[in-house]
Amino acid sequence: MFDAGLTPHAAAAMIGPQMFDAAACRKWVVVATRGQSPCCPACGDFLSAREVQRLLDGKGITCAACGVHSSPRSGTILEGSTLSDAQVVFILALLHWELPAYQIAKLAGCSPATVYNWQHRVSA
Ligand SMILES: [Zn+2]
């Protein structure tokens, strides 16, 4: 016997960024924000394969050309953001599925203003 007492509301409350694979989201966000061939945000020099892998792993790098340290988010649209990579992917996915911003915010664990901000970024 299976107790089907799960209501749609209760099921919706379980949906969230925690469902997404953190490493896969990080890699997607790095490529989406820095491109397939990431450059140093300070000098613009292309990064080595090893440096790119460090960014994909969520680690910082020190540019071989200029010596400036940067994180995966340095110089990107996400610099200074407190959203996790999984939250970013989750918000973008739900925006794509055209859920209302207030509902996305509630499920993603962020403010509606954050969702509106992303809505404008992806629709521009
Ligand atoms: Zn550099």
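Visitor: Which residues in α4 meet which residues in α5?

Guide: This is a predicted model. In it, Q87, F90, I91, L94 and L95 of α4 meet I104, L107 and A108 of α5. The residues of this contact divide into seven nonpolar, one polar and no charged.

Visitor: How do the axes of α4 and α5 cross?

Guide: Two packed helices are described by the angle between their axes and the distance between the axes. Here the axes of α4, residues 85–96, and α5, residues 101–108, come within 10 Å and cross at roughly 155°. Because angles over 145 degrees count as roughly antiparallel, α4 and α5 are roughly antiparallel to each other, and their crossing is right-handed.

Visitor: Which residues of α5 are buried, and where do they lie around the axis?

Guide: An α-helix has 3.6 residues a turn, so residues three or four places apart point the same way. In α5, the buried residues are I104, L107 and A108; they cover an arc of only 90° around the axis, which puts them on the same side of α5. The buried residues of α5 pack against α4 and against α6, residues 112–123.

Visitor: What is the phi of E98, and is E98 buried or exposed?

Guide: Most residues other than glycine have a negative phi. E98, which is not a glycine, has a positive phi near 60°; E98 is placed in the loop between α4 and α5 and is exposed, with 7 other C-beta atoms within 10 Å. Just after α5, G109 takes a positive phi of about 75°.

Conventions: Residues numbered from 1 in each chain as written. Predicted model: local features only at pLDDT ≥ 70, side-chain atom pairs only at ≥ 80, totals over all residues. Axes fitted to C-alpha atoms, helices over the stretch in contact; angles between N-to-C directions. Helix = DSSP H or I, 4+ residues; strand = E, 2+ residues; numbered from the N terminus. Parallel < 35°, antiparallel > 145°, perpendicular 65-115°, else oblique. Left-handed = near helix turned anticlockwise from the far one by under 90°. Contact = placed C-beta atoms within 7 Å. Nonpolar A, V, L, I, M, F, W, Y, C, P; charged D, E, K, R; others polar. Buried ≥ 20, exposed ≤ 12 C-beta atoms within 10 Å, placed from the backbone. Arc of directions from axis to C-beta.
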